[in-house]
Amino acid sequence: MIDIQNISYSYESHGAEKIPALHQVNLQIREGEYVAIMGHNSSGKTTLARCLNALLIPQAGEIVIDGLATCDEQNILSIRKKVGMVFQNPDNQIVSTTVEREIAFGLENLGVPMETIHQVVTSILDRFDLTRYRNYPPHLLSGGEKQRVAVASVLAMNPKYLVLDEPTSMLDPKGRRELLTLLAEIKSDNAAKATIDQITMILITQIPEEALQADRLIIMEKGTIIFDDHPKIVFQNVEKMKRIGLEVPIEYEAMPLLVELGYSTKLFEQFH
Amino acid sequence: MKIQFENVCFTYNSSSGKTTLLQHFTGLLRPSSGTIYVDHRNIWKKGYSLSELRRKIGLVFQFPESQLFEETVAADVGFGPKALGLDDEEISIRTEEALKLVGMENAIIGERSPHQLSEGEKRRVAIAGVLAMAPDVLILDEPTACLDPAGVKLVLQILKKLHQEGITIIVVTHSIEAIVQLVQRIIIMNHGEIFFDGVKEAPFSNEAILTKVDLEPPRLVRFCKYLQKLEILSTCNSYSTEDLIEQIKKLKNVTAP
Ligand SMILES: Nc1ncnc2c1ncn2[C@@H]1O[C@H](COP(=O)(O)OP(=O)(O)OP(=O)(O)O)[C@@H](O)[C@H]1O
Ligand SMILES: [Mg+2]
């Protein structure tokens, strides 16, 4: 379980204003949950993600992951093993000279035996449809392909908690859907194998449709959490969402008007 | 392919070669064959000034990080005007204005490092930097990625206004949904080739064209069609959520007693 207890974070060089990037955030995420996070630009989403794998340590409050506090330096390695993080900009994450080595990189760092690495890399390449790019230098890939490599290389390490910071921003609609389907598959595969811990997914996104896939949607505004509920419930707050500069999926905006006209909400349940 | 005073949108399935194409436009890459003419002049002919070309064409990169390199946001946005040889006063006026356009304030953010911004803030600063150069042609690679909906609206408004002022705008994006309100012409790339080049109406709602290149009709269109199937709507010609909501509101007036 991820237990975020009343954390606040301010960047040192945060300019004249000194508005904290995170302000008294409380959040508990249970194992196996699929949580989406949305919020306006600079609302603190990435900062929260960085706190989850101990890249940043909150100045107030505490984050405890499976009993390990992120503020204790001794825990950092175990926390990074548990919490895999896909960065918002793949260029900040990809370090290797070929796609294959990029995916192997994290495993090597974890001290996994060569043979196992080879197996994992081959199956991940296949799963992410990247086999033909095996020996490609990542910097020659398109933005969308880089994002796929970034997700693949984090998943190769089989993290228990997977934090994805806008992983689909450079993908076309089909690529986006495929990646999310793949993630959902991996999640349910994991659930089927009772021996493995259930993977927990935390997906940061600007795209309302993506959030609909999650079981829980968190909305951030100016460093605080203002909604935390099932996406279907959160998206009913059309006006409030608009006021903070966000959007809801089109059907949620249209629904109240159509209901007023006498149409049943049931009609819209079939729309995906 | 020829582009004149118009808004063009390139759309693509990931990796179909559009970023590469853009780099050709600005002389960042040299084509292995073929010729590129800008204002009737071959840009790779001896004597052609590529630096002049880059002054004419403003390019916003796919990842803003690739173009933010100064120590402060203000210096970064002011870099283009400085390179144009403008005086300090003009540089600071342009910097301030460009930042304001993208919804940021020089007084608040100007002295911060561009690398210590959130992703959406970085993109706004990168766009401001190109706007400050006041180029004749503006090319933007995924300008709305990572922007929040309010930011997307802002960028679309800016581009619309610039287009009205006579600037040619070329936008590369997979998010047809956002950009379709702005452009007149859409070019769809597929595996390094032009697959479609024509008015936006065709690919926006034509599933056959889109699925051939692995694109999908926007959710808005799918919802419109869904309402049509339920016989709630009779036509489906909205380009934005606002349009559709208006369309639905009119329905109400029709059926009200
Ligand atoms: N490295 C940094 N140094 C200083 N301030 C930072 C740094 N990174 C982010 N900030 C500031 O912290 C606040 C929160 O940023 P954060 O990146 O968490 O936002 P976000 O919700 O991820 O935004 P976006 O949607 O734009 O990615 C912003 O005001 C931003 O300017
Ligand atoms: Mg972010």
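A: **Around the ligand**

The shell around ligand 1 holds four nonpolar, 13 polar and three charged residues. Here Ala, Val, Leu, Ile, Met, Phe, Trp, Tyr, Cys and Pro count as nonpolar, Asp, Glu, Lys and Arg as charged, and the others, Gly among them, as polar. The model is predicted: local features need pLDDT of at least 70 and side-chain atom pairs pLDDT 80 or more, while totals for chains, interfaces and linings use all residues. Residues are numbered from 1 along each chain as its sequence is written, and chains are lettered from A and ligands numbered from 1 in the order in which they are written.

Where does ligand 1 lie? It sits between chains A and B. Of the 20 residues around ligand 1, five come nearest: A:Y11, A:T46, B:Q116, B:S118 and B:G120. (A residue is near a molecule or strand if its C-beta atom, placed from the backbone, lies within 6 Å of it.) Two elements give two or more residues to this shell: α1 (45-52) of chain A and α6 (119-131) of chain B. Such elements are DSSP runs numbered from the N terminus: helices (H or I, at least four residues) and strands (E, at least two).

**Where the chains meet**

The two chains also touch each other. Chain A brings 41 residues to this contact and chain B brings 44 residues. (Two residues are in contact if their C-beta atoms, placed from the backbone, lie within 7 Å.) On the chain A side, the elements giving two or more residues are α5 (143-155), α6 (173-192) and α10 (250-260). The largest share, seven residues, comes from α10(A). That side of chain A has 15 nonpolar, 15 polar and eleven charged residues.

**From the shell into chain B**

(Axes are lines fitted to C-alpha atoms, for helices over the stretch in contact, and angles run from 0 to 180 degrees between N-to-C directions.) The crossing of α3(B) past α6(B) is right-handed. (Left-handed means that the near helix is turned anticlockwise from the far one by less than a right angle; right-handed means clockwise.) On α3(B), the contact uses B:V73, B:D76, B:V77, B:F79 and B:G80; on α6(B), it uses B:V125, B:A128, B:G129 and B:V130.

Which residues of α3(B) are buried? They are B:V73, B:A74, B:D76, B:V77, B:G78, B:G80 and B:P81. (Buried means that 20 or more other C-beta atoms lie within 10 Å of the residue's own, exposed 12 or fewer, and partly exposed in between; C-beta atoms are placed from the backbone.) Their cover includes α4 (88-101), α5 (106-109) and α6 of chain B. After α3(B) comes B:G85, with a positive phi near 85°.

**From the shell into chain A**

Now take α1(A), the other element of the shell.

At one end of the order, strand β9 (residues 216-221) of chain A and β10(A) pair in the antiparallel sense over five bridges. (Two strands pair if DSSP finds at least two bridges between them.) A:E221 has A:T224 of β10(A) as its bridge partner.

Strand β6 (residues 83-86) of chain A holds A:M85. A:M85 counts as buried because it has 20 C-beta neighbours inside 10 Å. Leaving out residues up to four places away in sequence, A:M85 touches A:A49, A:N53, A:V154 and A:V163. The C-alpha atoms of A:M85 and A:L155 are 9.1 Å apart, although 70 residues separate them along the chain.

Finally, α5(A) packs with helix α3 (residues 99-109) of chain A at about 35°, their axes 7 Å apart. The crossing of α3(A) past α5(A) is right-handed. A:V99, A:E102, A:I103, A:F105 and A:G106 of α3(A) meet A:V149, A:A152 and A:S153 of α5(A). This contact has five nonpolar, two polar and one charged residues.
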